[in-house]
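Dear colleague,

I am handing over the structure below, and would be grateful if you could look through it alongside the notes that come after it.

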Amino acid sequence: MMQFLYFLTTFIIYKHIDIPKQYCRVLFVDFSSAFNTIQPHVLLPKLHDLKVNKNIIAWILDFLSEREQFVKLANVIQASPSLDQVNKRTHLESSTAFSDKIISNTGAPQGCVLSPILFTIYTNDCRSTDKDNVSLLKFADDSTIQGFIVDDDESIYKNTIDYFVQWCDEHFLLLNVKKTKEIIFDFRRDSPTHTPLCIKNENVDIVDSYKYLGITISKDLSFSPHIANTCSKLNQRLYFLRKLKSFNVDNSLLKLFYSSIIQSVFTFCIVCFGGNITDKDKTKIERVIKRATKISSFSFDCFDVLYKNLCTKKISSILLDKSHPLFPHIIISERTGRLISLSCNRERYLNSFLPSAVRFLQEKYVR
């Protein structure tokens, strides 16, 4: 699901800024205790509108209502060394304190599998009123508002944000404006200074990069901060690969460790950004692959091969699913049934997922 959102996020941005004199503003919304602010009396009608079974609705109401909560405070001061083990255990147990119990009738328990689902249903009817100019993407409590600006007209984008803020107030959701950030993707030569958004009398910070759903996206769409963080993780995990090798672990297990613990880190969402990273960043990942190859004596696929294979696999699955949001953007020849290359004005869009995947699949058909 996270990759699905990044497909939409990056593809729409790349496609929009491919047209001259257009740019994007993306607002990354942060809620204060999102799951704790769910109101059962607001949620139940939404469940009913979705035709959820009445018994399940009653069970959810019972689950969210009359929940006991208390705080347990354990004294972290160690007992005297002179005490024996029995006296020490008794001393530590007696130092534990409990607060008075309170009854909660709002919110969903933290860490519960059902909480993100209920929050998604709770915010289901908050949608963009103009999808051609503004996109509102949500993953549980992580929400983004993308404004596709044409002719410097930001009115629709700002009106959508005003609507979103009002909707949140009506549904008792608290926005954390200090943690809410905005990135502006503007590659015009004569780009003016952009005015920060104002939400609840607070200016929203305009940042150069932001970590969204595990991927650090930067305003130049080079993803260099993400690659730097990823390489740091990869180098740490190579240490464990070396340790396993020193213990004479079977090579098949080393290969399994690399695929599941190391390769999975830098291939996460690689189809969304892999075509636009710099050669310098690509070299950093290639070094990790070469070190892993040297340690395990296996020949692992290089970055470009992995990117190409994953792109081909992903577009093949999209072609089998006509309901996929990217399917309408794929052009298929009525005469031959083959894919037609997408028209791109800039190299940035040309190297993004969909145009690249179409080329890779065309090459596969030719072979």
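Predicted model: local features only at pLDDT ≥ 70, side-chain atom pairs only at ≥ 80, totals over all residues.

Residues are numbered from 1 along each chain as its sequence is written, and side-chain values use heavy atoms, with hydrogens and water left out.

The chain has 13 helices and 15 strands (DSSP runs, H or I of at least four residues for helices and E of at least two for strands, numbered from the N terminus), and its C-alpha atoms fill a box of roughly 80 × 60 × 45 Å along the principal axes. Of its 367 residues, 42% count as buried, where buried means under 20% relative accessible area, exposed over 50%, and partly exposed in between, with a 1.4 Å probe and protein chains only. Among the contacts (heavy atoms within 4.5 Å) in the chain with a separation of 6 or more, 71% are between residues 24 or more positions apart.

In helix α2 (residues 40-49), the buried residues are P40, V42, L43, K46 and L47. They lie on the same side of α2, because the arc they cover around the axis is only 155°, the arc being that of the directions from the helix axis to the C-beta atoms. The exposed residues H41 and D49 are carried on the face of α2 turned away from that buried side, whereas the cover over the buried residues includes α3 (54-64), α5 (114-122) and α6 (155-170).

Helix α7 (residues 224-246) has 23 residues and should span 33 Å at 1.5 Å a residue, which agrees with the 33 Å between its end C-alpha atoms; the expected span is 1.5 Å times one less than the number of residues. Its buried residues are H226, I227, T230, C231, L234, L238 and L241, and what covers them includes β13 (215-218), α8 (251-266), α9 (270-273) and α10 (279-296).

Just after α2, K51 takes a positive phi of about 65°, and α7 is followed by N248, with a positive phi near 60°. Phi is also positive, near 60°, in D151, which is placed in the loop between β7 (142-150) and α6 and counts as exposed at 66% relative accessibility. F223 likewise has a positive phi near 60° and lies in the loop between β13 and α7, but F223 counts as buried, at 1% relative accessibility.
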